Amino acid sequence: MTRLSVDIPVLETERLILREPRMSDFEAHAAFATSERARFVGGPFDRWGAWRSFSSAVGHWVLFGYGFWVVEDKATGTTAGRVGVIKPEGWSEPELGWHIYEGFEGRGLAHEAALKARDHAQGPMGFSPLISHIDPENTRSRALAERLGASIEREGELMGHSVLIYRHVKGAA
């Protein structure tokens, strides 16, 4: 049997490991994707939709050489979310995105993970300053984008929904 492979860099912060997706991460992702917490990323999904979301993230790495890292809490080894750069079909440019799972919010982990992912993407991976599509009602993600130094560049539409397009700065916030 032939297998596709891709080298996914492992990034570390003080409290986190950003690494490749593993089958063992699916249940944590499914819990997020099937919950109301996924409303700003196209959900909530049924379990099949959660699987498509999870497996397409793996495929993104294979097809493009970049994608979502799994965010792992160093202290516990628990899957805490996803962060990374994606550019699905029809999107104008690559986007920095993040999802922090229930029980991990409010500790600055999203900021820590997004900062590391953004700086790696805009540094060694060679991306220009990235954007983030954020629903105007997603106040937590808007606050995180602003904490990362991003600012609203324009209004836009994504998958039939109005979004604010934040432009990230080059380099550390």
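**Salt bridges and a buried serine**

E20 is partly exposed, with a relative accessible area of 24%. That value comes from a predicted model, as does everything that follows. E20 has a charged partner: E20 and R22 form a salt bridge. Their closest N and O atoms are 2.7 Å apart.

R22 is partly exposed too, at 36% relative accessibility. R22 sits in the loop between β2 (16–19) and α1 (26–33). Its side chain also meets that of E72 in a salt bridge, at 4.0 Å from N to O. E72 belongs to strand β3, residues 68–73. The R22 and E72 pair therefore ties together parts that are 50 residues apart in sequence.

What is the burial state of E72? E72 counts as buried, because its relative accessibility is 13% and the buried class covers values under 20%. R22, at 36%, falls in the partly exposed class.

Now take a second pair. The side chains of D119 and R118 meet in a salt bridge, with an N to O distance of 3.0 Å. Is R118 buried or exposed? R118 is buried, at 0% relative accessibility. D119 is partly exposed, at 25%.

Back to the earlier group. Salt bridges that share partners join R19, E20, R22, D25 and E72 into one network. Across the model, the count comes to 14 salt bridges.

Next, a residue in a helix. S141 lies in helix α4, which covers residues 139–147. S141 is buried, because its relative accessible area is 13% and buried means under 20%. Which residues does S141 touch, leaving aside those up to four places away in sequence? The contacts are W98 and I134.

Finally, the record. An unreviewed UniProt entry places the feature "domain: N-acetyltransferase" at residues 16–170. In the model, the end C-alpha atoms of residues 16–170 lie 22 Å apart. The span is 32% helix and 28% strand.

Methods. Residues are numbered from 1 along each chain as its sequence is written. This is a predicted model: local features need pLDDT of at least 70, side-chain atom pairs count only at pLDDT 80 or more; totals for chains, interfaces and linings use all residues. Side-chain values use heavy atoms; hydrogens and water are left out. Helices (H or I, at least four residues) and strands (E, at least two) are DSSP runs, numbered from the N terminus. Buried means under 20% relative accessible area, exposed over 50%, partly exposed in between (1.4 Å probe, protein chains only). Contact means heavy atoms within 4.5 Å. UniProt positions are given in the numbering used here, feature names are shortened, and annotations may be inferred rather than shown by experiment.
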